[in-house]
Amino acid sequence: MSLRLILAWLHLLALGVGLWSVLVRGQSLKEAVRGGSRGEALRRAFSADAHWGAAAGLWIVTGLWRLFAETEKSIGYYMSNHAFFAKMGFLAIILVLEVWPMLTLIRWRVAIRKGATADAVPRATANRIATISYVQALLVVAMVFAAAAMARGAGAVG
């Protein structure tokens, strides 16, 4: 089995896990806003958020490895491909959008570990993070479209 194949599998698995987890994070936070078992909904959101972070880490590491090791195409191909830059633009937006939710969820985890209840989590903030999660999911899908186009030569200059 080749390194090229293993990296491609891991990269695609990370995309799938990331898409699933960011959607579950959003759904769980929406459930926490609606009431019911807020504590359980927050636990699911925290778990999904951890999966989202792990998937993003694997996604970025395998993507950089594939780029710089030139396992698929040369760096020159990527650097002259508009679809690649669209994909990287979507990734940049995802990462910028993630800063505030990541910091907020870390603060909530710490507060709950120190004894705060789920009721201490502001509903409006949870709702905003859920909305951001759904936007990020759409951007992940857009990245997949850009990646599929790029792999088939779309966006190549010259």
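Helix axes here are lines fitted to C-alpha atoms over the stretch in contact, and angles run from 0 to 180 degrees between N-to-C directions. Helices (H or I, at least four residues) and strands (E, at least two) are DSSP runs, numbered from the N terminus. With those conventions stated, I turn to the structure.

This is a predicted model, in which local features need pLDDT of at least 70 and side-chain atom pairs count only at pLDDT 80 or more, while totals for chains, interfaces and linings use all residues. Residues are numbered from 1 along each chain as its sequence is written, and side-chain values use heavy atoms, with hydrogens and water left out.

First, the overall architecture. The protein has five helices and zero strands, giving the pattern α-α-α-α-α along the sequence. Its C-alpha atoms fill a box of roughly 55 × 30 × 20 Å along the principal axes. Of the 158 residues, 38% count as buried, where buried means under 20% relative accessible area, exposed means over 50%, and partly exposed lies in between, for a 1.4 Å probe and protein chains only. Contact means heavy atoms within 4.5 Å; among contacts with a separation of 6 or more, 82% join residues 24 or more positions apart.

Next, the pairing of H1 and H5. The axes of helix H1, residues 3-34, and helix H5, residues 123-151, come within 8 Å and cross at roughly 160°. The two helices are therefore roughly antiparallel to each other; by convention, angles under 35 degrees count as roughly parallel, over 145 as roughly antiparallel, 65 to 115 as roughly perpendicular and the rest as oblique. The contact of H1 with H5 has 15 nonpolar, six polar and four charged residues. In this classification Ala, Val, Leu, Ile, Met, Phe, Trp, Tyr, Cys and Pro are nonpolar, Asp, Glu, Lys and Arg are charged, and the others, Gly among them, are polar.

I now come to the salt bridges. How many does the structure hold? There are eight salt bridges, each defined as a side-chain nitrogen of Lys or Arg within 4 Å of a carboxyl oxygen of Asp or Glu.

One of them joins Glu72 to Arg4, at 3.3 Å from N to O. Glu72 sits in the loop between helix H2 (38-68) and helix H3 (75-79), Arg4 in helix H1, and the two are 68 residues apart. Glu72 is partly exposed at 28% relative accessible area, and Arg4 is partly exposed at 46%. Glu72 also meets Arg66 in a salt bridge, at 3.5 Å from N to O; Arg66 is buried, with a relative accessible area of 17%.

A further salt bridge links Glu98 and Arg25, whose closest N and O atoms are 2.9 Å apart. Here Glu98 belongs to helix H4 (residues 82-113) and Arg25 to helix H1, 73 residues apart. Are these two residues buried or exposed? Glu98 is buried at 12% relative accessible area, and Arg25 is buried at 0%. Through salt bridges that share partners, Arg25, Asp49, Glu98 and Arg109 form one network.

Finally, a remark on the backbone. Glu70 has a positive phi of about 55° although it is not a glycine. Glu70 lies in the loop between H2 and H3 and, at 42% relative accessibility, counts as partly exposed.
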